Amino acid sequence: MSLLTVRDLTVTFPTPRGPLDAVRSLDLDLEAGGALGIVGESGSGKSMTSLAIMGLQPRAARRTGSVRLQDQELVGMSEAELRRVRGDRVAMVFQDPLSSLNPYYTVGLQIEEAYRAHRPGTTRRVARRVAIEALERVHIRDADRRVDHYPHQFSGGMRQRVIIAMALSTEPELLIADEPTTALDVTVQAQILDLLQEIRRETGTGLVLITHDLAVVSEVTDHIVVMKDGVCVERGPVEQIFTDPRHAYTRALLDAVPRIDDEIGELRAVTADGADAASSRTVPETNGGPA
Amino acid sequence: MTSFPTDLTTAQSVEAGTGDTSEAPAAPAAGAVRAGAGGTWSALRRDAGAMLGLGYIVLVTLVAVAAPLLTSISGWTPYAFDQTAIDPDLGGMPIGPWGGVSAEHWFGVEPGSGRDIFARIVYGARVSMSIALSATALTTVLGVSLGLVAGYFGGRVDLVISRVMDFLMAFPALIFMIAVLSALPASNRSTLLVVVISVFGWPYLARIVRGQTMSLAQREFVEAARAAGASGTRIVFREILPNLRSTIIVMSTLAVPGYIGTEAGLSFLGVGVVPPAPSWGQMIAASVKWYAVDPAYFVFPGVLLLVLSFTVLGDRLRAVVDAQEGR
Amino acid sequence: MPRFLLTRVTSGVGVLLLVCLFTFLVFFALSPDPAVQICGKNCTPEVIDQIRGNLGLDQPFWAQFFHFAVGIFAGRTYGAGAGAIECAAPCLGYSFQSSQAVWDMIVQRLPVSATIAVGAAVLWLLAGLAGGLLSAVKEGTFLDRFTTGLTLTSMSIPNYVLALVLQYVLVVKLQWLPFPQAVAFADDPGRWFANFVMPWIVLAVGYAAAYTRLTRANVLDVLHENYVRTAYAKGLPQALVWRRHALRPALTPVVTIFGMDFAGLLGGALITETVFGINGVGKMAADSIARNDQPVIMGVTLLAGFLVVVGNIVVDVVYTAIDPRVRVNA
């Protein structure tokens, strides 16, 4: 059964120059236990998509369309109901681990509060156990001591693990990770990605991974949606996208990544209209394609 | 208001609280500099409060500058006594409504002395504005240069400058100013006022400049400049200073009302501008004595509006600058 | 932690010594011969010389300063032989005007200034924090804009003006309050309280305005922080997000700033006390300046400097307790 079904999602902002669609008519499909990657450059609307799924878009924005989590429709839910979904059935991991954690409280407390918000009646001792186990699951050593540490006492990679631990503590069905590795250096990136894959294998949690980095998405996800300027320009299984990209923009993205076995030549830039700068061919824009 | 708020004590809160953060606007994104000026002005132009404030400030400035011209039109100097306008039997009460307003005396006369209020206000504006603006200029020069040096070069230089700042900020400035001013002779009082106010005022700006310089100095563009062989001075003045432009403008604008208030306060206490030279502070002090019988003499609204104008302008300026830097 | 405290205290002492030296220097250079002042009329040169000797005024500057500084810690003896006067530590000298020990004068008046400071502080904290929070919650609404206008205007009114106007309105016109008159708390609590109402209001107004803006700005800043977004993403109820994740980071800087403001105010609100005729440290400072009573001026200056330095240290310590990032952790 489909875990996440998004249809015609549109997020509109009022601007002095008229309404602006940050996301327009987006469709997404994710199966239970699957992994979907959303790829695009800055401003493509990918982050806004993740926020909109959770109903966390800015107050000024208007959201329309349908977001179904299994059989529950999230759009139109009251704030109280949405709160029960957030952090419990759908959890989110953000880009900057340092600023995403409150510096005034221990990581233990921040994990505990997430758990206790959704499991009312949990005692502090039980919650603390949950927190320690969560830290252990993300391979943080000395978890029972480090649970009382503050965010600034962790390194960047470990902080991101903490956040992942926090997200997983309630055993959500879906995990949305918005650029989880962007703020980290390359070796740590690899570790986090391995962790995400391990978690998928062990718990069967669905994953939506948002990134601008094609390498990241190729490792972790099964399907990819390529976004540009708020719309989906191409979608498909990972291998297909990489070996046979159909849209000019996708192709340009792939071409922009220098490869070690390429001949020496010009680094191709991705131009505004999505066409390859060096190519004279233009392919009509496809608004999505066969999934 | 940098440093001289309500009771002229070192109230960090007022210095900090006139804006959007507990410090000055955050160190701006480098490179946002060049795009800054034009956009700021057009954004500010759309803000009613800022424009009103600016308008009043321009008005007062024009009045202050044109003081001699205006008084030659109105016919009275600030020092001439007009005995015909006051009633000696009533203890010097001005004759006529609204404190003696007439075709001769547009704003009425001063009770007790018969001096023309319009002239005194106009010249008082000159005194108040020139002192406040000079003090602001001096404070800005001192505060920015010392803050830059302390923030960029660090080490012992920073240690010395910071100690000096701590020392000056620990000083009960008001007491000291009053004591020094009352002990010294009355000549050059205006200059002395400017100096004394600035001596105690610059640390507040310097502290903020220092903080921002320290964070800017970590940025890549400074590293790049250093790698390209730029000397310390050059980096400080060509790379870092332009990025502080908005902070400096905002803090300077917010400093002016504080200094106007300080000068008025000192004059109120009798150690400011020496009589018979008119000063708004003095006039407030005198007018309060007469408030019960001659409320029209109560001059303070002019000062209030001027201070308010600067404060509003500085506040809106800070809001615009912050918004532009994407906070 | 103790090492951190030690450095702060030592540098604080250093700053105080400098303040002391600087003040001493300025008055040494500026004031007319104190011996003549003390002697008053009907003076003879012999008496003047004797006074000079007693006070040590015939010594070079550094010697004078040294004796003064030592006197603060260990007490001091003026003169010699039969007529010698023992001045217990902390010895801040004797008033030229009243011959009272400066320290005693300060101690006598400090409770009054402290009362003003505490009362005003309670008022301005309540008003400022509540106002700021409310403005932040209702950001952009009419209430918010009105509050902003109100605070800006309040900060623009010179406090002596407010004092005089308030006095005129409340005492003379409306007669809600009696004329301020010195009375002990034990004798007439109502009257005692009434004495302080106006100074409290006058002082509180300016600070309340500033604190409202400060709190509002901090709360709004914090609400945009990523960790607040995380809190919402975790599905935490709004009240909890506000209480735990927004309030504490927002109020922390306010607490530290308050420490500094309060310390400064304890040293006496000069203008307010003068206007209302209240016998606190501030008024004593103003009077002694008018009468060129150097020892008193020195004493008050040192007191104010001391309070600020101590306030600084206390604030630093409190900050390490509140903000985990600042702690020197094990």
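These legends accompany close-up views of a predicted model.

**View 1. Span of helix α7 in chain A.** Helix α7 of chain A covers residues 156–168. Its 13 residues should span 18 Å at 1.5 Å a residue, and because the end C-alpha atoms lie 19 Å apart, the model agrees with that expectation.

**View 2. Burial along α7(A).** Of the 13 residues in α7(A), 12 are buried, so the helix is mostly covered. The buried residues run through Gly157(A), Met158(A), Arg159(A), Gln160(A), Arg161(A) and Val162(A), and also include Ile163(A), Ile164(A), Ala165(A), Met166(A), Ala167(A) and Leu168(A). An α-helix has 3.6 residues a turn, so residues three or four places apart point the same way.

**View 3. Chain B.** Chain B contains 14 helices and 2 strands. Of its 327 residues, 53% are buried. Among contacts in chain B with a separation of 6 or more, 73% join residues 24 or more positions apart.

**View 4. Chain C.** Chain C contains 13 helices and 2 strands. Along the principal axes, its C-alpha atoms fill a box of roughly 85 × 60 × 35 Å. Buried residues account for 42% of the 330 residues in chain C. Where contacting residues of chain C are at least 6 apart in sequence, 66% of the contacts join residues at least 24 apart.

Technical notes
Residues are numbered from 1 along each chain as its sequence is written. Chains are lettered from A and ligands numbered from 1 in the order in which they are written. This is a predicted model: local features need pLDDT of at least 70, side-chain atom pairs count only at pLDDT 80 or more; totals for chains, interfaces and linings use all residues. Helices (H or I, at least four residues) and strands (E, at least two) are DSSP runs, numbered from the N terminus. The expected span of a helix is 1.5 Å times one less than its number of residues. A residue is buried if 20 or more other C-beta atoms lie within 10 Å of its own, exposed if 12 or fewer, and partly exposed in between; C-beta atoms are placed from the backbone. Two residues are in contact if their C-beta atoms, placed from the backbone, lie within 7 Å.
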